[in-house]
Protein chains: 2
Amino acid sequence: MKENYLYLEIAGEIEGQIQKGLLTAGDKLPSVRAVCLKYNVSMSTAQMAYFTLISKSLIESKPKSGYIVSNWLKNSLELPQTSNPKMVHPGKTDDALVSSIFESINNKKVTRFALGAPASELLPIRQLNRAVSGAIKDLSGCGTEYDSIEGNSDLRKHLAKWFYKTGAQVLDNEIVTTSGCLNAIAYCLMATTKPGDAIAIESPAFFGLLQLFQSLGLRVIELPTNATTGIEIDALEKVLSQEKINACLLVSNFSNPLGSCMPDEHKQEIVKLLNHYNVPLIEDDLYGDLYFGNNRPKTCKAFDKEGMVLCCSSVSKTIAPGYRVGWIAPGKFKEKIVRLKMVNAIASTTLTHQAIANFFQTGGYENHIRKLRHTLHSNCLQYTQAITNYFPEDTKISRPQGGLFLWVELNKSINTVDLYKKALQNNIVIAPGKVFSLQNQFNNCMRLNYGLLWSEKIENDLKLLAELLY
Amino acid sequence: MKENYLYLEIAGEIEGQIQKGLLTAGDKLPSVRAVCLKYNVSMSTAQMAYFTLISKSLIESKPKSGYIVSNWLKNSLELPQTSNPKMVHPGKTDDALVSSIFESINNKKVTRFALGAPASELLPIRQLNRAVSGAIKDLSGCGTEYDSIEGNSDLRKHLAKWFYKTGAQVLDNEIVTTSGCLNAIAYCLMATTKPGDAIAIESPAFFGLLQLFQSLGLRVIELPTNATTGIEIDALEKVLSQEKINACLLVSNFSNPLGSCMPDEHKQEIVKLLNHYNVPLIEDDLYGDLYFGNNRPKTCKAFDKEGMVLCCSSVSKTIAPGYRVGWIAPGKFKEKIVRLKMVNAIASTTLTHQAIANFFQTGGYENHIRKLRHTLHSNCLQYTQAITNYFPEDTKISRPQGGLFLWVELNKSINTVDLYKKALQNNIVIAPGKVFSLQNQFNNCMRLNYGLLWSEKIENDLKLLAELLY
């Protein structure tokens, strides 16, 4: 048993005792040091076990008396309810607001809770630099020559293995590389839809996707989505039976922004359902590798027998956003996708794609991702604890089991676009809920990225955010 | 006076003597060594002067007697005539043929006359490797972080200077970087047209562009184009007056495949004409830096006062195809272009874009491009000479004054798709004329890339190509 998973075991054991009533509200728990000794683990593992329980609001930290079992039904912040978008054809995103959020990506003077990537301190930079040097040596022309249109062949061999770990059997020649995941999704949309077509998606959904849909002239059908289990199958089925849907796009694992993860049975059922209506599924599995539990969740692609799932991902949330390395397993749409890539870009950046292949080759990916998952889980729990401590009691918060984001729902009276502006004056950037829908929803919500390095500064900024609410 | 330009001066002097009748057909010219001594230049400069005159068929080399003045009216291959596409709305490209040509890009076992880039031996690889190392040092996160959406700011400062050399006044914040030039053009088309719209272009035109137009659902209006001066202004004016044209795309300098270069007056007139009809001009200036003469030709952008010219280029034909570094000066369409880049790709590859900025910074670009131009000019003359020597007398050939391509028109009875297949069996890839139009034209034409290293092998392959014609 790896040290990395031990904290989950320890947390699970304590959770079991609470559920069985062996530990009840107010009971004092052993100190962190005592847990270390009992389980023969490091301080950080013991701490993580307790953070895990805190995030579930099962225990809490009491000044001077250590950890006690919570009166958790009272203390825990609620989960956001399943979204309930109107089934009307919607308006537009606030382009200026979205642009202003995107601009904050490169402003390092602010606390970038709106960023959609891990802090660069969490990336395997030294190994990547070596991988780039290796790529310069390996490549004919040192990376100056055009890559093949389908993409670097070393990389695609590693990606075939990557797909295998998601439960999907995809050969290297069934994969096409792209300049990141959004680029992959753009090609998938171009391959499966035309202007005026309808696309079914989760609600809330990433604002970049919403803008892409608009740029392609698609009608966006936002569907009810649960913060834990993702899109509501009944709602999808209903809309499929009522009108012509040309494609469906889902972030199956640890969605952006909700953090929901579709259970395997949902994935299987949705693939079957969409097949029945002959609707291609564009699967965005950008966050699937960032799971907190013991096992990597499967992709919908794992259940795809007809080649109707176009599964997209990238290394932008795990290794190197700036390298622009993404990919698609496009199923029966492969030829179309290759042609689209050819006419829109000719080829990918030879050097960074070979560098990522080299990084996979060294086994660096597995090692790195294990550490990153650990850090993100710990961060997620720290953020959740801080928000529980500082934010109003009626705040609702998602419970992601992976990915990069917390979704925070505030009191209906609060407008997070105003909060965004106030926060910006305090050098904090949040992503206000409004931009995650075309339907003027989520005006009291926000998305927070916990991929930043946890620090006193981050905790203080979360506290400051809370103070701006009062 | 730089040594590089001297050969043109020498050639010009001799040409003048021929035109004045001071030298007539059959007259013996001084030996190359004598030219060296007379003008105090190197052997290669003297040789280039003679190659220049040979390419114009003014002189020829006679075994054992050196160079003599040609009976040039008889010996020179003719120029292809101005194209005359039917003004009907056309069919489709041969997708399989185009894919097969694109695949040959990465096949190093064949002689790649169909390639659209200089051989990697002609690229400044050592300096680029240093520029990459520098970029890793310079960049925060060593290039793993997202680039800004508009693009690397160092690079854009250098590009503003680059535009100045093309006669255009463009500020760094009026430039957006892209993943190469085709990617830039794709965004320009998305910004200015919608499916069903009409686009006016040269004929013949690059097959990648034709496929892009089709993928965007555009109606393609191919217009008569002169092998020396580019698109026929009268034809453009006529079509503008007759039907709604939504955009015009021109390769203003050293077009692909014709090699034509629009005279400045044509550029000025066309910008004015398109403005009158309120039609945006997408200018593809991919080859403008590869001029053989003394001065870099201007861009249409230089004559753009209304922001209606979207000028695109890249380093793919000059420094590093695989780096995927391109750019647009989109005029009044900038906001749209930024949004399109954002939703289709988020950002460019951070590392290679900074590397190119560093390469510009060292002054490496000017030095490199001077050498490259010299080599390409020499290659162009060698190819022309070989084709004149080996191909049938009724062969017509373009006289590019820059760029990478020769356009060869064979006897009407010859089908270059058949030639393509036969050549492929002999490990030679040509680009058959048919793929450069949607109108089943140019079936007796082909495009040859002279960006390969000149060698006996290349000469023999040209000879072999000629033999396949008989």
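**Figure 1. Close-up of a paired position between strands β10 and β11 of chain A.** In this predicted model, Glu283(A) stands opposite Cys311(A), a residue of β11(A). The two strands concerned, β10 (residues 281–284) and β11 (residues 309–314) of chain A, pair in the parallel sense, and four bridges join them.

**Figure 2. The open sheet of chain A.** Seven strands form an open sheet in chain A, in the order β4-β12-β11-β10-β9-β5-β6, and the pairing within this sheet is mixed. Its edge strands are β4 (176–178) and β6 (219–223) of chain A, each of which pairs on one side only. When direction is ignored, neighbouring strands of this sheet are turned against each other by 20° on average.

**Figure 3. The two assigned domains of chain A.** The domain assignment of chain A gives domain 1, covering residues 1–76, and domain 2, covering residues 125–363. Between the C-alpha centres of domain 1 of chain A and domain 2 of chain A the distance is 37 Å.

Figure 4. The buried residues of α14(B) are Tyr365(B), Leu372(B), Leu376(B), His377(B), Asn379(B), Cys380(B), Leu381(B), Tyr383(B) and Thr384(B). The cover over the buried residues of α14(B) includes the helices α3 (43–55), α13 (350–361) and α16 (456–467) of chain B, together with the strands β13 (396–397), β14 (405–409) and β17 (445–449) of chain B.

Figure 5. The same surface serves both copies, since 100% of the contact residues of chain A recur in chain B.

**Figure 6. The side of chain A that touches chain B.** Contacts between the chains involve 48 residues of chain A and 49 residues of chain B. On the side of chain A that touches chain B, the elements giving two or more residues are α6 (125–138), α8 (181–192), α9 (207–215), α12 (334–345) and α13 (350–361) of chain A. Of these, α12(A) gives the most to that side of chain A, with six residues.

Terms used. Residues numbered from 1 in each chain as written. Chains lettered and ligands numbered in written order. Predicted model: local features only at pLDDT ≥ 70, side-chain atom pairs only at ≥ 80, totals over all residues. Buried ≥ 20, exposed ≤ 12 C-beta atoms within 10 Å, placed from the backbone. Contact = placed C-beta atoms within 7 Å. Domains from an automatic or database assignment. Pairing = 2+ DSSP bridges. Axes fitted to C-alpha atoms, helices over the stretch in contact; angles between N-to-C directions.
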